[in-house]
Each structure stands twice: as structure tokens, then as C-alpha cells.
Amino acid sequence: MEVIVVPTNVEVGRLGAAEVAAVAAAKPSAVIGLATGSSPESLYAGLRERVTAGEISFAEARGFALDEYVGLPLEHPQSYAGVIRRTVVEPLGFHPSRMRVPDGLAPDLDAAATAYEAAIAEAGGIDIQILGIGTNGHIGFNEPTSSFASRTRVKTLAPRTREDNSRFFDSVEEVPIHCLTQGLGTILEAKRLLLVAQGPGKAAAIAAAVEGPLSSFVPASALQLHEHATVIVDEAAAAELRLTDYYRFSRDHRLVRAAAAA
Ligand code: GLP
């Protein structure tokens, strides 16, 4: 795992955008996995700058969202289908027909989950999966004790997640109880993982995920199993890491190999 500590959220977004832009530039038809929530906002802003400058294009790319609430009408501002449309599809120029979000309104949610897995496979798999992290260590909506082998499925949101996400709703009671989420097994099959986190509220979750034991109790610790995972955090989110000096040293002495430089 590569852990990169930068001063502020602005740099998290800039560096995160550079990682995704490199994938998109090398493969215009790249399949991008997308997170919602506050964490990737600065990264999406960084990508938008590059799209506007004509450096990259997502016109031929495909996208798959990580998760969706069950039962929220599409016109609800917190429906992730709407969030993805407003924060990714429109500003970054994805073609709407090439963006998928799990169908949280499907009459048969299990069938919708199976169809979602099939669609990812049919697209050739996800080239880079953008992730945030919940304060309880979840990724996507894979709450603590989610199996590392799990696939896209219905989950029950943890009370802490509903509390955290209530800032986007009028009250905690309005936060849906269920969701559809890519599983940890699904996420681990992406060719690259890119997790971004900022702020002191994420410090404990980041330390547990990056330096703690591999445990389904901390779903983000699954990143330790992936051969190409990058974690970009600001100083506040890095506050509880123990090996920060090493992460900085490693970054300062990054060895640029011929293949990467070409
Ligand atoms: C949300 C989403 C996740 C997100 C995480 C952190 O509820 N389901 O995809 O990464 O929890 O959210 P935020 O980035 O708003 O802190």
C-alpha cells in the first residue's frame, strides 16, 4: 500500500485527481469506480480542472458508483444516482448511458445486485476505484463485519453511518436504513484502489485501516490485501498514523522506473 500524507484537502484533491487522470489519459475507455460523500469532492474538482483545460476526457469512459440507498426516490437530493449525476456525470462529461448506479428502487434488490456485478464484469472490470472511508472504517457501505469476500448486495446501515450521513438530511430518521453496495470482494477486484480522506474525524479509521490488523471489523483494512492501493490523506486524517515519517521518506525518495517514466 502506498500512503501519501499531504498538508491539506486541496492537495488531497490535486494528487488524487492526478492519479485518476493518469488512468484516463492512458485508456480513454477506462472504467472508473466512483464514491459519493464529501471525501472525493476535492478530487472531482481537480478532475474538472483537467477536463476544462482539455487535458483529459471522460467522454468514452464508463463509471460505476459504489453504492446507493434503498428506497430513496430518484428526485431526492441524496439519491446517489442524482449525486453522481450532479458531481460526476455533468461536470466531468461522462455519457449518462455509460454511468451505472445500483438500483435501490428495484422491486427485486437481490436481482439488481446480481445485475450490477454482471455489468461490472461485462465492462471488463474497474480500472480504478475511488474510495472514501466512513468514521467506522467502512468503504462503500460495507459496514463493520462485512466479509472480505462479499459481493454487491443489500446491507443494513450502521447507526453511526446513519448519524454521520444525517447532515445531508433533515433528520437521522430520514436517512434510509438499507442500501445496495459493492462488496469488499467486488472492490478488491478493481485493478487499482485510491482512497482519499481528510479531517480529524477520519484519523482513527485511517490508522486502523492502514496500520491495524486485517479485520472485517475495519472493512477498509481490506486494502491491505490489494496489490495496488494508494491512500492519500491530509495531515489531520494522518494524525493517528505511526509510520508517517516513513511515508514521507518513501515519497521523497520515490524511485521512478523506466516503464513509469515512459
Ligand atoms: C458514505 C458513502 C461512502 C463514503 C463514506 C464517507 O456514506 N457510502 O462511499 O466514502 O460514507 O463519507 P464522507 O466522504 O461523506 O465522509
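This is a predicted model: local features need pLDDT of at least 70, side-chain atom pairs count only at pLDDT 80 or more; totals for chains, interfaces and linings use all residues.
**Stop 1: helix α1 and the strands under it**

Select residues 9–26, which form helix α1. This helix lies across five strands of the structure, namely β1, β2 (31–34), β6 (128–131), β9 (193–197) and β10 (229–234). Relative to β10, α1 runs at about 155°.

**Stop 2: the seven-stranded sheet**

Now show the strands that belong to the open sheet of seven. Their order is β1-β10-β9-β6-β2-β3-β5, and the pairing is parallel.

Strands β3 and β5 run parallel and are joined by two bridges. For a pair to centre on, pick G63, whose bridge partner in β5 is M99.

**Stop 3: strand β10**

Move to the other end of the strand order and select 229–234. How many of the six residues of β10 are buried? Six of the six are, so the strand is largely enclosed by the rest of the structure. Colour A229, V231 and V233 to see one face, then T230, I232 and D234 to see the other; both faces are covered.

The neighbours of β10 can be picked out one at a time. With β1, strand β10 pairs in the parallel sense over five bridges, and I4 has I232 as its bridge partner. With β9, the pairing is again parallel and again spans five bridges; here L193 stands opposite A229.

**Stop 4: helix α7**

Select 203–211. Helix α7 is mostly covered, with seven of its nine residues buried. The buried ones are A203, A205, I206, A207, A209, V210 and E211. Show what they pack against: β1, β9 and β10, together with helix α8 (244–252).

**Stop 5: the ligand**

Select the ligand and the residues around it. There are 14 of these, and S39, D67, H138, N165 and K202 come nearest.

- to a backbone N or O atom of S38, 2.8 Å;
- to an N or O atom in the side chain of S39, 2.5 Å;
- to a polar side-chain atom of K202, 2.7 Å.

Hide the protein for a moment: taken alone, the ligand exposes 390 Å². With the protein back in view, 95% of that area is buried.

**Stop 6**

Opposite D67 stands T181 of β8. D67 is also one of the residues that come nearest to the ligand.

**Stop 7**

Start with N142, which lies in the loop between β6 and β7. Is N142 buried or exposed? Its relative accessibility is 0%, under the 20% limit, so N142 counts as buried. Leaving aside residues up to four places away in sequence, N142 touches S150, R153, T181, Q182, G183, L184, I187 and P219. Zoom in on Q182: its backbone oxygen lies 2.8 Å from a polar atom of the N142 side chain.

Then select S146, found in the loop between β6 and β7. S146 is buried as well, with a relative accessible area of 1%. The S146 side chain reaches the backbone oxygen of E143 at 2.7 Å. A polar contact of 3.2 Å joins the side chains of S146 and R153. Not counting residues up to four places away in sequence, S146 touches R153, K155, L184 and S216. R153 and L184 are also among the residues touched by N142.

Key: Residues are numbered from 1 along each chain as its sequence is written. Side-chain values use heavy atoms; hydrogens and water are left out. Two strands pair if DSSP finds at least two bridges between them. Helices (H or I, at least four residues) and strands (E, at least two) are DSSP runs, numbered from the N terminus. Contact means heavy atoms within 4.5 Å. Axes are lines fitted to C-alpha atoms, for helices over the stretch in contact, and angles run from 0 to 180 degrees between N-to-C directions. A residue is near a molecule or strand if one of its heavy atoms lies within 4 Å of it. A polar contact is a pair of N or O atoms within 3.5 Å; within protein, one must be able to donate a hydrogen and the other to accept it, and residues adjacent in sequence count only if both atoms are side-chain atoms. Accessible areas come from the Shrake-Rupley method with a 1.4 Å probe; for residues, only the protein chains shown count as cover. Buried means under 20% relative accessible area, exposed over 50%, partly exposed in between (1.4 Å probe, protein chains only).
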